[in-house]
Structures are given as C-alpha cells and as structure tokens.
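Welcome! Take a look at it first, and then we will walk through a few of its features together.

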Amino acid sequence: MPDVKDRSLIICGAGGRDFHNFNVAVRDDAAWRAVAFTAAQIPGIDDRHYPAGLAGPRYPEGIPIVPEARLERLCRDNPGATVMFAYSDVTHGEVMALGARALAAGADFLLLGPEHTMLRSPVPVIAVSAVRTGCGKSQVARHVSGSLREMGFRVAVLRHPMPYGDLFRQRVQRFASQADIDAADCTLEEREEYEPHVAAGGVLFAGVDYPAVLAAAAAEADIIVWDGGNNDFPFLHPDLHIVVTDALRPDQITGYYPGEAVLRTADVVVINKVDAAGPGAADQLGRDLAALLPDVPQVRAASPVALDDASLVAGRRVLVVDDGPTLTHGGMSFGAGYVAVRDLPDITLVDPRKSATPALQAVFQRYPHLGPVLPALGYSAAQRADLQATIHRAGVDVVVAGTPIDFAHAVPVSVPVVRARYRYADAGAPTLMGLVRAFLERRQP
C-alpha cells in the first residue's frame, strides 16, 4: 500500500475485487483501518458484514457492508478518510463520478494498482481477461484449459470471485462436479462460470480469500488458468496474459475501467466473434489494437453457436433466456440464445417484457438497451422464482437458454428448454494454442 498516515478506509466494491484488495493489501497493514465496504452492481449483497473470521484479529466485529448510496455519510462520519474504488466494468466517467462524490465529501480517492494486489504463484499462470463483460472470455479460458489437459498437464482453473452468500463458508471453494456446485447453493451467475469448466472435466477453484485459494489450487496443478471476471485485472501475476476483445463492440477497447488498463498489459490479444461481426469490423478492430499495442500478437477467433435440438424449436412460440451480467452491466442487448434463433423463419419470438414480474419489469426499465430476451438474473431464490413466473406467464412452447448453465436444472420450468451453446474456434493464423505452446516451450524447452 502507499505510505500514508493511519487513516480510515472505505472500500467501494461489488463482492469480489473489494474483498481481495482488503485481504492482500489492508487486512494486516496497521496504517489503514477499514471502516466499511460499500456495495454496488449486484443486488442483495449489501446490509451484511464481512465476517471477523475473514477480516482478521484487527476487526473482531467484522466490517459492515452498506449500500453505495451511503458513501457521503460514511465520509462525513470518518473525517480524512480514503475511498478506494474496487470494482470493474464501468466507464472511466463512472469511476470519476464516484471519485467526485468522495472528494466533495472530504475524502481522498484511491485506485489500487495490480502490483499491490497480484499474488505470486508457485506454478505458471496463464491468465485470460477481457476488455468488457460478454467478450467470450470464458470459452477462451475453457479452450486453453481443455487443450492443456489434452497435452497432459494437471490444470487448475481459478475463477474471479462471486461471493454472494455465506462469505466465511465461501473462503475457499473447489468444484469438480455438479454435486459440488449444488451443495454450494450457487447463484445463476456463479453457475454460468463454474458449470462449463466442470462439465468439460476441469477442476475449478474460487472463493473469498485468494491467498488460500491459490495455495489449494497450486497443490494439485502443474499450470493455473486464471478465468477473469468482468474486465478486471488478474488476482495472480500472469506468466502469459491473454486479453479478449469483442468484434461486435470494436469501439469499447478504451474508455472502460479497468478494461483499457488490462488490455495494455496483454501478451496476446484475441479478436473474438469475427464470425458474427464480419471482416470489416474485425479488420478495423485489428488496426485499432495494432496502433495501441504494436508489438502484441493478435489472434482472430469465432464464437459459433448451435442449438442442442433445433427440431424442438421449429414452428414454436419461443422465449430466449440469455446470460445476465452480459446483458446488464455488460451492455449487450442480446446473447447466444438470441443469436441461435433470430434467423429461423418459422418461430414466434416472444418478448418477455409482456409477461415479466414487477421485479423483472424494473430490470427492463433500468436497462432499456435490452432486446427481446430475458436476462438470467438469479442471485437469490426470489429472482429465480421471478424467472419461473415470467416464463410461465408468457405461454410459450419452449425456452431457448443461451446461458452457459443447465438452465432447466437451476430453474425448473414446465416447458422444454433447448440450450444454445457457444464455443471457441480459431479463425486464422496464428492460433491461440500455437502461441500458448510457444510460451510453454520458452519456459521449459
């Protein structure tokens, strides 16, 4: 941490990066006294405590987590405090808007850099990050980890945290089966990230206290693949840093925090979704990336989408459920499910707004960019019940689920659920695994 006087610290977060920054840079540093976390982006994660068992002996009562709306009051109650910004996938303007609130309330404003928070791993780390949510980072991470397993490596995947439940119970999590995920009572967002790795035969680690998570993962791995969240920095020092961009959003490689900074640390850049965006957009994105990072190799990739059983969709009334975070703070209007059905000539695509529960109506109002798809928001049992009720009230024949999870398992409904699955595919040379193999050969000829 920077050299400062003993002072109060308010950490603005979203249940992930904020806890990590505290654990590795604040918890044992007597120069700081964390007085509160504030929570934003994710519903239902405020008005609780970061538990004493994780906060350490300096915080025997734990640390309160309060809504970000109370920031000014916290600053006034703690004169001379510092406000640390610690969440991701927001515009640079949004960061400084919160900074202006902190400064106006008499506080300092701090962005903690990656060198203060990245952990050193005893085994090599290949990190996969992205400039925005929804770029296709997770299928890139699955492609890398699966290919490494095929090469004979013992691979542990470390996922960016999503600790929305019992924080002490979630200190270190290991998932090797669907039963492990069910036992942890994971939210839909967690399932979207965990299930595909496990279904492919991988072992995934996550949690709250990443020094302990890293120790557990490294004990059974030759290589760690970091599967980043939102557009955040890796929590581990990467030996190879792969950053994914989205050819459907070529104008979003800069202007977002910390995505632009993440991109500037890339060893390899993936231009994803070239199949959907077309060559013109991909070429322009490639030129923009080359101007920003002239010495960093580029990989072009596709994200082909296919329905598990297209015959169940033909001639039917269809409601599409797509990945929640990609649609909300990721800013996309649709996802893989909509892509899979939008050009089918003989279906009736049902707009879920007409049947949405009041809670989901509020989501559509908050995110007016959304297309005719239902965002898979399932942070709580109540939200999953809202999804069920909305689907039931829509009177559809089939649901097309574009989330990476087994939606019918997580949210049982009375109509068939057809999954729209997307995967990674190279779309030219060099290939991603060609560059990864070259990296491994340089490390260990």
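Six strands form an open sheet in the order E3-E4-E2-E1-E5-E7, with mixed pairing. This is a predicted model, in which local features need pLDDT of at least 70 and side-chain atom pairs count only at pLDDT 80 or more, while totals for chains, interfaces and linings use all residues. Residues are numbered from 1 along each chain as its sequence is written, and side-chain values use heavy atoms, leaving out hydrogens and water.

**The sheet**

- Strands (E, at least two residues) and helices (H or I, at least four) are DSSP runs numbered from the N terminus, and two strands pair if DSSP finds at least two bridges between them.
- At the edges stand strand E3 (48-50) and strand E7 (108-111); each has a single partner strand, so one side of each is left without a neighbour in the sheet.
- From one strand to the next, the twist averages 30 degrees.
- Strand E1 (residues 7-13) and strand E5 (residues 82-86) run parallel and are joined by five bridges.
- Leu-9 has Thr-82 in E5 as its bridge partner.

**Helices on the sheet**

- Helix H1 (residues 17-26) lies across E1, strand E2 (32-39), E3, strand E4 (63-67) and E5, and runs at about 170 degrees to E2.
- Helix H4 (residues 92-104) also packs on the sheet, where it touches E1, E5 and E7, and its direction makes about 150 degrees with that of E7.
- For these angles, axes are lines fitted to C-alpha atoms, for helices over the stretch in contact, and angles run from 0 to 180 degrees between N-to-C directions.

**Tyr-210**

- Tyr-210 sits in helix H8 (residues 210-218).
- With a relative accessible area of 0%, Tyr-210 is buried (under 20%, where exposed is over 50% and partly exposed is in between, using a 1.4 Å probe and protein chains only).
- Beyond its neighbours within four places in sequence, Tyr-210 is in contact (heavy atoms within 4.5 Å) with several residues, among them His-20, Leu-158, Trp-226 and Phe-235.
- Tyr-210 and Val-172 are 38 residues apart in sequence, and their C-alpha atoms are 7.7 Å apart in space.

**Pro-211**

- Pro-211 also lies in helix H8.
- Pro-211 is partly exposed, as its relative accessible area is 34%.
- Leaving aside neighbours within four places in sequence, Pro-211 is in contact with Val-24 and Leu-119.
- Pro-211 and Phe-235 are 24 residues apart in sequence and 9.5 Å apart from C-alpha to C-alpha.
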